[in-house]
Amino acid sequence: METLGIYIHIPFCAKKCAYCDFYSMCDLSLRDHYVNALVSQISSFRAEARNRIVDTIYIGGGTPSILSGEQILRILKTVRKTFKVSEDAEITLEANPGTLDPGKLVAYHEAGINRLSIGLQSANPKELSTLGRIHTKEEFERSFLLARLEGFQNINVDIMYALPGQSEQTLSETLDYVIGLDPDHISFYGLTIEPSTPFGRSKEIEALLPNEDVQVEMYLNSAEKLEAAGFFQYEISNFSKPGFECHHNMKYWKVEDYLGFGPAAHSFFDGTRFAYAKNTSKFISYPTQRDRLIEMQEKILTEDAALEFVMLGFRLRAGIDVVEYCERFGDDFEVKYSEKMQDFIEKEYIMKTKNGYRLSRRGFLISNYILSEILNFDKDTE
């Protein structure tokens with residue numbers, strides 16, 4: 001039986017962070033209505049799901065931990081009624097330390113959440129304030145330790161680098177602090193300034209960003225520090241202890257099927273990619289009327305899926321398995337790409353592996369450029 005990932009979007013936040021471009025809203029009065037709609041939409045996929053087994057569920061946002069334990073339990077009960085869910089399925093919930101308490105953590109664990117992803121971003125009070133986070137370092141630590149006490153044995157911590165006013169020293173201190181807590185997984189993302197956000201509209205913020213050379217050193221030095229502490233880099237921005245890789249996110253990077261629920265959620269299912277409109281009111285009104293909610297839908301041709309496989313596969317430390325590529329797409333990866341990769345191989349941005357090819361750590365830093373050259377993005381758009 002084929003496997004399937006489930007993504008569930010919770011679009012509510014207590015406060016919108018100044019850098020965030022994800023779809024979210026701060027009108028918390030809609031939470032009950034939203035959960036009702038979500039349950040209806042999930043249930044409507046019963047027919048499509050009959051030949052699939054769900055092995056990953058990811059509840060993201062927004063701030064999913066703004067929902068009560070009862071609401072999360074209701075959502076997961078609906079998933080289990082609608083889909084065949086594997087007994088050992090990875091079930092992740094994203095959490096903001098400012099919204100967690102002991103009662104919620106107990107309820108989430110009892111509801112079946114077995115992987116918690118807690119957003120710290122920085123352990124530096126000034127950096128947290130600049131980002132507009134609603135929690136302190138102390139609140140994060142309390143949430144983390146309570147989660148351990150309540151039995152969570154798989155915890156991810158989110159950290160960001162290249163923050164306004166951040167130095168290599170303050171970043172190193174954040175890393176040391178998180179490593180000392182001994183999580184199971186660390187997501188390590190560079191801040192991206194999006195034009196539609198308060199950060200994107202601020203010249204003041206732009207002037208405070210570390211320069212490009214400093215950002216490169218931040219990334220390389222931090223990756224070395226994390227690996228020295230036992231966190232293996234399995235993807236450009238993700239490090240884990242052995243066996244604690246995020247299996248749900250691996251579905252995205254390996255171009256495997258997943259269904260998304262809620263406004264702004266994306267899906268890739270049976271060769272079709274589709275996305276729902278970023279409109280919570282509309283979603284609440286018509287949760288099962290897909291024609292009204294879907295704003296993008298396209299059938300993915302084999303050649304397009306192959307391009308995505310290369311593009312996303314090079315995000316992974318394991319890289320591209322040439323045998324898998326041939327089996328899935330009926331093409332010879334080396335015949336197709338070896339000439340285009342040669343210069344990058346000679347400069348050690350691309351490394352030959354036992355099974356195929358991968359980017360080196362310095363290759364990760366210029367991955368967009370490498371992929372544009374290999375896949376002829378510019379040529380294809382002319």
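**Why is it called that?**

Me: Why are H2 and H3 called roughly parallel to each other?

Reply: Their axes cross at roughly 10°, and angles under 35 degrees count as roughly parallel (over 145 is roughly antiparallel, 65 to 115 roughly perpendicular, the rest oblique), so H2 and H3 are roughly parallel. The axes are lines fitted to C-alpha atoms over the stretch in contact, with angles from 0 to 180 degrees between N-to-C directions. By the way, this is a predicted model: local features need pLDDT of at least 70, side-chain atom pairs count only at pLDDT 80 or more, and totals for chains, interfaces and linings use all residues. Residues are numbered from 1 along each chain as its sequence is written, and side-chain values use heavy atoms, leaving out hydrogens and water.

Me: What makes the contact between H2 and H3?

Reply: Contact means heavy atoms within 4.5 Å. On H2 (residues 69–82) the residues are Gly69, Ile72, Leu73, Leu76 and Arg80, and on H3 (residues 102–111) they are Ala107, Tyr108 and Ala111. By class that gives 6 nonpolar, 1 polar and 1 charged residues. Here Ala, Val, Leu, Ile, Met, Phe, Trp, Tyr, Cys and Pro count as nonpolar, Asp, Glu, Lys and Arg as charged, and the others, Gly among them, as polar.

Me: How do you know that lysine 251 counts as buried?

Reply: Buried means under 20% relative accessible area (exposed is over 50%, partly exposed in between, with a 1.4 Å probe and protein chains only). Lysine 251 has 3% relative accessibility, so it counts as buried. This lysine lies in helix H9 (residues 247–253), and it touches residues including Thr3, Asp55 and Glu256. In the whole protein, 51% of the 382 residues count as buried.

Me: Why do E13 and E14 stand at the edges of their sheet?

Reply: The open sheet runs E13-E15-E14, with antiparallel pairing. E13 (320–321) and E14 (350–352) each have a single partner strand, so one side of each is left without a neighbour in the sheet. Two strands pair if DSSP finds at least two bridges between them, and E14 and E15 (residues 356–359) have 3.

Me: How many helices and strands are there, and what makes the protein as compact as a globular protein of its length?

Reply: There are 17 helices and 15 strands, which are DSSP runs (H or I, at least four residues, for helices; E, at least two, for strands), numbered from the N terminus. The globule rule is 2.2 Å times the number of residues to the power 0.38, and the radius of gyration is taken over C-alpha atoms. That radius is 21 Å, close to the 21 Å the rule gives for 382 residues, so the protein is as compact as a globular protein of that length.

Key. Lists of a residue's contacts leave out its neighbours within four places in sequence.
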